[in-house]
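Please keep the sequence and the structure open while reading.

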Amino acid sequence: MRIFSLISTFYFFFFAIIGVYVIYLPKVLDILGYSSLQIGIIFSISPLMRFLTPFLFLKRWQLTPTIYKYALFLALIAGILFFLTIKNFYLFIIPNILLGISFALTLPFVETIALAHIGKERYGKSRLFGSLGFIFVALVLAKFMHEPHYALWFMFGAIFFTTLFGYPLAKESSTKERMSNEENNGFSLLSHWPLWANLFLMQVSFGPFYNFFTIYEKEHGLDYTTISYLWTFGVLAEIFMLYFQGPLLRGNLLKILQLCTLITAGRWLLLHFFPTNLPILYFAQSLHAFSFALYYTAAISHLYHLYTNKTLAQQFFGGISFGLGGMVGSFLAGLFYGKYLFLYAAAVAFIAWAVLLIKNPKRSSLS
C-alpha cells in the first residue's frame with residue numbers, strides 16, 4: 001500500500017508540472033512577446049533532451065536509483081532558472097534542456113516500478129492521480145493568468161513536491177529489477193520498428209494540441225475559463241478510462257493501439273472543422289480517454305512485455321514518443337500554425353495508424 005501511495009503522489013505532482021507546461025506556459029510566452037516560431041522552438045528543446053538521453057544508457061550506463069535522485073534535483077534547478085531566464089529567448093533554452101533531461105530519467109524509473117509492483121491492470125488506478133494533478137492546474141491557474149509569473153510559481157511548487165515525494169521511490173527498485181535493466185545486449189528498436197514509428201507519429205500529431213490548443217481556441221473567441229473547462233473535461237474522460245481500463249488490457253494490446261490511433265485522427269478532424277462548436281469540442285475532448293489514457297497504458301505495457309531491459313524500454317518510449325515526436329510536433333506546429341493546423345495533425349495520426357498495419361511484430365498478441 002505504501003508504494004501505491006508514493007507512486008500515486010509522484011504522479012499527481014509530476015503531471016501538475018506537465019499541466020503548467022503545456023496548458024499555460026505557451027500563452028505566458030505569447031504574452032511576453034514570443035513569436036509562434038519561437039514558442040515552437042522552446043517547446044521542442046525539452047522533448048529533444050528526452051529523445052537523446054536514453055542513448056547514453058544503451059551501452060555503458062544504467063538508470064540507477066542514484067541517477068534518478070540526481071535527475072529529481074536537476075528539475076529543481078530548472079524550476080529556479082525559469083524565473084531568471086524567461087524574458088530572454090536564448091537563455092530560456094537552458095532550463096528547458098535541464099527539465100527535459102530530468103523528465104527523461106525520472107518518469108521511466110517510476111513507470112517501471114509501477115508496472116513491476118502494481119501491474120498493468122491496477123496501473124491506471126495509480127496513474128489517474130497524475131490526471132487529477134493536471135486537472136488541479138487547469139482549473140486553478142486559469143484564474144491567475146493576468147500575471148504570467150504565477151504560472152512559474154505553480155510550476156516550481158509542483159517540481160518541489162515531485163522531488164519531495166519522488167525521492168523515497170529510489171529505494172523501491174529491487175535488486176532483480178536492476179539486474180534485468182543491465183541486460184542491454186539484444187536491445188533493438190528495429191525489431192519492432194512499426195510500433196516505434198507509431199509511437200513517434202502519434203506524438204507528432206499531438207504537437208498542435210499540447211502547444212497551441214489554448215492559443216488556437218482563444219483566437220476563435222473562447223475565453224480562458226471555457227478553454228480550461230475543455231482541458232478539464234478531457235482529463236476527466238482520461239481518469240474514467242484509467243480507472244476502468246483494466247479488463248481491456250487483458251486483450252491484444254497491439255489492436256488497442258491501432259484503434260486508439262484511428263480515433264485520434266478523428267479527434268483532430270473535429271477540432272479542425274468545428275473549432276467553435278462547444279458540444280463537438282467537448283465530444284472531441286472525451287476522446288482523450290482513448291487517444292491518451294488507453295493508448296498510453298497499452299503502449300508502456302506492451303513494451304514492458306516485449307523487452308528484457310524494462311527500464312531502458314520505458315526510457316526509449318519517452319524518448320521516441322514524447323521526446324523526438326514531441327520535438328518534431330512542437331516545431332512543426334509552430335512553423336505551420338494557422339487555419340489548417342489540426343487538419344495536418346489528423347493526417348499525421350492517420351499515417352501513424354497505417355504504419356502500425358504494415359507488419360505485426362512478433363509476440364504482438366502479448367497481454
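The text below goes from the basis of the values to salt bridges, then to helices and the surface.

The model is predicted, so that local features need pLDDT of at least 70 and side-chain atom pairs count only at pLDDT 80 or more, whereas totals for chains, interfaces and linings use all residues. Residues are numbered from 1 along each chain as its sequence is written, and side-chain values use heavy atoms, with hydrogens and water left out.

**Salt bridges**

A salt bridge is taken here as a side-chain nitrogen of Lys or Arg within 4 Å of a carboxyl oxygen of Asp or Glu, and by this rule the count comes to 2. Helices, for their part, are DSSP runs of H or I with at least four residues, numbered from the N terminus.

In one of the pairs, Asp 30 meets Lys 27, with the closest N and O atoms 2.7 Å apart. These two residues are 3 residues apart in helix 1 (residues 2–31), and are therefore separated by about one helical turn. Asp 30 is partly exposed, at 29% relative accessible area, while Lys 27 counts as buried at 11%.

The pair of Glu 238 and Arg 127 has its closest N and O atoms 3.6 Å apart. Because Glu 238 lies in helix 9 (residues 224–244) and Arg 127 in helix 5, this pair ties together parts that are 111 residues apart in sequence. Both Glu 238 and Arg 127 are buried.

**Lys 120, a charge without a partner**

Lys 120 is placed in helix 5 (residues 120–141). Which side chain of opposite charge is nearest to the buried Lys 120? It is Glu 121, 4.5 Å away, and Lys 120 has no salt bridge; in this count Lys and Arg are positive, Asp and Glu are negative, and His and the chain ends are left out. A polar atom of the Lys 120 side chain does, however, lie 3.4 Å from the backbone oxygen of Leu 249.

**Helix 4**

Helix 4 (residues 93–117) has 25 residues, which at 1.5 Å a residue should span 36 Å, and its end C-alpha atoms are 37 Å apart, in agreement with that value; the expected span is 1.5 Å times one less than the number of residues. Of the 25 residues, 20 are buried, so helix 4 is largely enclosed by the rest of the structure. Ala 116 belongs to helix 4 and counts as partly exposed at 34% relative accessibility. Gly 119 follows helix 4 and has a positive phi, near 95°.

Met 49 is in helix 2 (residues 36–52) and is buried, with a relative accessible area of 15%. Leu 332, in helix 13 (residues 310–335), is partly exposed at 22%.

| Pair | Apart in sequence | C-alpha to C-alpha |
|---|---|---|
| Met 49 and Leu 324 | 275 residues | 8.6 Å |
| Ala 116 and Tyr 304 | 188 residues | 9.1 Å |
| Leu 332 and Asn 88 | 244 residues | 22 Å |

**A nonpolar patch**

Leu 269, Phe 273, Phe 274, Tyr 340 and Leu 343 make a nonpolar surface patch of about 480 Å². Patches join residues with over 30% relative accessible area and no salt bridge, like charges within 9 Å and nonpolar side chains (Val, Leu, Ile, Met, Phe, Trp, Tyr) within 5 Å, and accessible areas come from the Shrake-Rupley method with a 1.4 Å probe, where for residues only the protein chains shown count as cover. Phe 274 sits in the loop between helix 10 (253–273) and helix 11 (278–286), and at 33% relative accessibility Phe 274 is partly exposed.

Note on methods: Buried < 20%, exposed > 50% of the residue type's maximum accessible area, 1.4 Å probe, protein only. Polar contact = N/O pair within 3.5 Å; in protein donor to acceptor, adjacent residues only side chain to side chain.
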